[in-house]
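Subject: Structure for you to look at

Hello,

Here is the structure I said I would pass on. My notes on what turned up follow below it.

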Amino acid sequence: MSTQRDKMNYEYLDELEAKSIYIIREAYHKFRNKLAALVSWGKDSTTMLYIVRKAFFGKVPIPVLHIDTSYKLKEIYEFRDKLAKEWNLNLIIAKNEEALKRGMKPERGRLECCTALKTEALKQAIEKHKFKALLVAIRRDEHSIRAKERYFSGRDKDFRWNYLNQPPELWEQFNVELDETETHLRVHPMLHWREIDVWRYIKRENIPVVRLYFAKEYNGKWMRFRSIGCEPCVVPVPSKATNIDEIIEELKTTKIAERAGRIQDKEKAYMMEKLRALGYM
C-alpha cells in the first residue's frame, strides 16, 4: 500500500512530466519533420521516449536516432532492438563507418574516440537527414557542465556549443529560433529532472530499462551500472540494489556520483566540457 510520501512523490512527478511534454510539443510544433529524438537507450533517454509517446497519445511521430559506436554493451543492443519493435519506432542507426574502418577505438584515446565515433557520426546523421532539432535526455544534476545548459540550446556551423553565452529562459519563454550562426538546436525536455525522479517515474509508469542497472555479482562483489555506454568506457559501481525500490532507497543516501563509472570523465580534467563544446551529448 502506498504511503503518503509516495503519493506526494507521484504528484510532483506529474509536474515534471507536464513540463517535459510542453517542451516536446513546442519542439515538434516548430520543427515537425526536421526533429528527431537522440537516444542512448539508458534510463533517461528511454524515459524521454516514453514521455514522447505520452505527448502524442501512444506514438512517437519523429525518427529515433541512435549513434552506434559498435562498442556498446551487448545488453544495450538487445534492449534497443526489442523496444524499437514493441514501440514501433522509426529507428535510425548512425555510424562513422570511415572512422571504424581506420581502426578508431577507445584505446586510441577516449577524447579522440568519442569525437570520431559519436560527435562526427552525429554530424553525418544530421547532414544526411536534414535535422534542425534533436530531443536529448540530459539532466542538469548529472554533470556540472550540463548545469550550464538551456532547454533550447543552439549549435553553430562547426557543431560547437558556447557554454559561456547561454540565453536566459524565464517564465517558460524559450527561444526556438535558429539564428544565422546556428545549424541545429538541442532540445532538453529532461533538464529539470533528477536521477531519483527518473527512477520514481520509471517505477510509477512501469517503463522498461536495461537490466544492467540492477546489481549482480561481479567477481564476488555486488555491483551495478549507474551509467551505461561503450563497454571499454564504463564500469559498475558497488551496489546491492537489485530492483527499482532498492535503487530509489540507495539514491537517498549514496555518496557515489552517478557518472563515477564513466572512465572518460576521470581520464583528463575538463574532458566532458571539451566533449560538450565539440557537440557531444
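Arg-155 has a relative accessibility of 0% and so counts as buried (buried means under 20% relative accessible area, exposed over 50%, partly exposed in between, with a 1.4 Å probe and protein chains only). Its partner in a salt bridge is Glu-149, at 3.0 Å from N to O; a salt bridge here is a side-chain nitrogen of Lys or Arg within 4 Å of a carboxyl oxygen of Asp or Glu. Glu-149 is also buried, at 0% relative accessibility.

Before the rest, two notes on the source. This is a predicted model, in which local features need pLDDT of at least 70 and side-chain atom pairs count only at pLDDT 80 or more, while totals for chains, interfaces and linings use all residues. Residues are numbered from 1 along each chain as its sequence is written, and side-chain values use heavy atoms, with hydrogens and water left out.

Salt bridges

The whole structure holds 23 salt bridges. One of them joins the side chains of Asp-14 and Arg-204, at 2.7 Å from N to O. Asp-14 sits in helix H1 (residues 4-31) and Arg-204 in helix H6, so this pair ties together parts that are 190 residues apart in sequence. Helices (H or I, at least four residues) and strands (E, at least two) are DSSP runs, numbered from the N terminus. Asp-14 is partly exposed, its relative accessible area being 38%.

Another salt bridge links the side chains of Lys-43 and Asp-44, at 3.7 Å from N to O. Lys-43 is buried, with a relative accessible area of 3%, and Asp-44 is buried at 8%.

Helix H6

H6 covers residues 195-205, and nine of its 11 residues are buried. Among them are Trp-199, Arg-200, Tyr-201 and Glu-205. After H6 comes Asn-206, which has a positive phi, near 60°.

The chain overall

In secondary structure, the chain has nine helices and nine strands. Of its 281 residues, 54% are buried. Taking contacts (heavy atoms within 4.5 Å) between residues at least 6 apart in sequence, 74% join residues at least 24 apart. The chain exposes about 14,100 Å², with carbon and sulfur atoms supplying 50% of it; accessible areas come from the Shrake-Rupley method with a 1.4 Å probe, and for residues only the protein chains shown count as cover.

Regards
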